[in-house]
Amino acid sequence: MTQVAEGKCPRIDASGLPCITKINHMVNDLGKLLSIMEYIDETLFERRYGRIAQLMRLPIQASTIKVLMNFWDPSYRCFTFRNIDMTPTLEEYKRILDFPNNSHKIYLRRRFEDIASEVVNLLGLGKINQCRVADEGFKWKVIEARMKKNAKEDKLGDERYRLVAFTIFGLVLFPSEIGVISLEAANVFIEYEHDRINPSSAILGETMLSLNHCRTHGKGAMRCCIPILFLWIISHIETPRDIFNNFWWFDL
C-alpha cells in the first residue's frame, strides 16, 4: 500500500479493461477420457506421471473461472481482491501435479521438425499421416482406437502408459483444439519422457498467458489447464459449508 501511495507501484485502471464476454474454456469431455484408465494400473501410472490422471475426475464449474477472471490484473499477473493479491505459484502447481523425480530442470521448447515422428515411434502409432491433423497435432480418436485395438488383441504392453499420459498432456494439461493433441503438448511430453523435465512451469506459464490475453481483450480461448486453475482457487476459499469435500487435493 505504501508503494501504491508513493506511485512506485501504480495499479492498472480496471475501468479501462473490457468486460468479460465470451470465454472458451477449451475443456475436453473428461468423462469420455476416463474410459482410457481401464487399460492401466493407476497406482503404477501415478508413480510414473504423478497425479495428472486425477484431474480428469475433477468436476469443473466453468462459471467460476469466468467470474475469477474479472479480478485478474494483467500488469501484475495476479488476482486482486481489494487490498489482497493472490497468484498461482510454481510450488503450488508442482504440489498439485506431484510429478515423480521432481528435478529443477527448466522446460525449453525444442524445434518441431522431428517431434511428430518421435511421438509416432515412441507410442507405436504407425503411419504419421493417419494420426495427424494435416501438418498440425494428433487426433485423439486415433489414440483411443489404438488402445482399444491393443486391448482386443491382448497386446497391451508398456506403451499403454505412454499413450494415456500423452492423451492427458494434450487434452488436459495443454489443450488446444477439442479432440486434438497439439505439437506444443507433444513437445512437452517428449521432454518429460526423455529427460524427466517437470512441466509444471510450462503449465503455469500457459495459464498466465491465457489469463492475460482473455482479460485484456475481454474474450478468447483459455488454452491452459482449467482443472488445475479451478483446483487452485477453491483450495484458497473458506466456507462454513462442506461443499468441497471428496477432492484428493485436500487429503494431501
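Is Asp158 buried, partly exposed or exposed? The model on the screen is predicted, and in it Asp158 has a relative accessibility of 40%, so this residue counts as partly exposed.

Asp158 has a charged partner. Its side chain meets that of Arg48 in a salt bridge, with 2.8 Å from N to O. Asp158 sits in the loop between helix 8 (140-152) and helix 9 (159-173), while Arg48 belongs to helix 3 (residues 42-49), so the pair ties together parts that are 110 residues apart in sequence. Arg48 also counts as partly exposed, at 23% relative accessibility.

The next one joins Asp98 and Arg51, whose closest N and O atoms are 3.6 Å apart. Asp98 is in the loop between helix 5 (90-97) and helix 6 (115-123), and Arg51 is in the loop between helix 3 and helix 4 (62-69); the pair therefore ties together parts that are 47 residues apart in sequence. As for accessibility, Asp98 is partly exposed, with a relative accessible area of 32%. Arg51, at 16%, falls under the 20% cut-off, so Arg51 counts as buried.

Lys141 and Glu144 form a salt bridge, the closest N and O atoms being 3.7 Å apart. Both lie in helix 8, three residues apart, which is about one turn of the helix. Why can such a spacing bring side chains to one side? An α-helix has 3.6 residues a turn, so residues three or four places apart point the same way. Lys141 is exposed, at 56% relative accessibility, whereas Glu144 is buried, with a relative accessible area of 15%.

The C-alpha atoms of Ser75 and Asn212 are separated by 8.3 Å, although the two residues are 137 residues apart along the chain.

Last, helix 12. Which of its residues are buried? Nine of the nine, over residues 226-234, so the helix is largely enclosed by the rest of the structure. Among them are Pro227, Phe230 and Trp232.

Key:
Residues numbered from 1 in each chain as written. Predicted model: local features only at pLDDT ≥ 70, side-chain atom pairs only at ≥ 80, totals over all residues. Heavy atoms only, no water. Buried < 20%, exposed > 50% of the residue type's maximum accessible area, 1.4 Å probe, protein only. Helix = DSSP H or I, 4+ residues; strand = E, 2+ residues; numbered from the N terminus. Salt bridge = Lys/Arg side-chain N within 4 Å of Asp/Glu carboxyl O.
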